[in-house]
Amino acid sequence: MAFKPLHDRVLVRRVESEEKTAGGLIIPETAKEKPQEGEVVAVGAGARDEDGDRIAPDVAVGDRVLFGKWSGTEITIDGEELLIMKESDVLGIIDGGKAAQAA
């Protein structure tokens, strides 16, 4: 991918939600909400503090993250729908993202 976010921006690919509930009920397409979970595809170099020093981002490429329902801006790059958001819109990192991929 030839896209690099600037400053404290993060590029995220949404992770598809489950089609069944824990009880086994199938959720129809019309009732599904957009997932609030995704995988970090690209990360900017980080914001700058008051002294001009770079603040390293807390998220990294490959992290599985949780974000707010209305966070980010939807964009299409190379035919793929992605979200670009500020790092502060990321609510947290879900354990097992990078660790599960490495295993």
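A: Aspartate 53 is partly exposed, at 44% relative accessible area (buried means under 20%, exposed over 50%, partly exposed in between, with a 1.4 Å probe and protein chains only). This is a predicted model, in which local features need pLDDT of at least 70 and side-chain atom pairs count only at pLDDT 80 or more, while totals for chains, interfaces and linings use all residues. Residues are numbered from 1 along each chain as its sequence is written, and side-chain values use heavy atoms, leaving out hydrogens and water.

Aspartate 53 sits in the loop between β3 (47–48) and β4 (54–55); strands are DSSP runs of E, at least two residues, numbered from the N terminus. Together with Asp49, Glu50 and Asp51, Asp53 forms a negative surface patch (residues with over 30% relative accessible area and no salt bridge, like charges being joined within 9 Å).

Now to valine 43, in strand β2 (residues 37–43). Valine 43 counts as buried, with a relative accessibility of 11%. Leaving out residues up to four places away in sequence, valine 43 touches Lys4, Pro5, Arg9, Pro57, Val59, Ala60 and Val61 (contact means heavy atoms within 4.5 Å).

Glutamate 87 belongs to the loop between β7 (80–86) and β8 (90–94). Beyond its neighbours within four places in sequence, glutamate 87 contacts Asp8, Val10, Pro57, Asp58 and Val59.

Conventions
Patches are made of residues with over 30% relative accessible area and no salt bridge: like charges are joined within 9 Å, nonpolar side chains (Val, Leu, Ile, Met, Phe, Trp, Tyr) within 5 Å. Accessible areas come from the Shrake-Rupley method with a 1.4 Å probe; for residues, only the protein chains shown count as cover. A salt bridge is a side-chain nitrogen of Lys or Arg within 4 Å of a carboxyl oxygen of Asp or Glu. Lys and Arg count as positive and Asp and Glu as negative; His and the chain ends are not counted. The place of a charge is taken as NZ of Lys, CZ of Arg, CG of Asp or CD of Glu. Helices (H or I, at least four residues) and strands (E, at least two) are DSSP runs, numbered from the N terminus.
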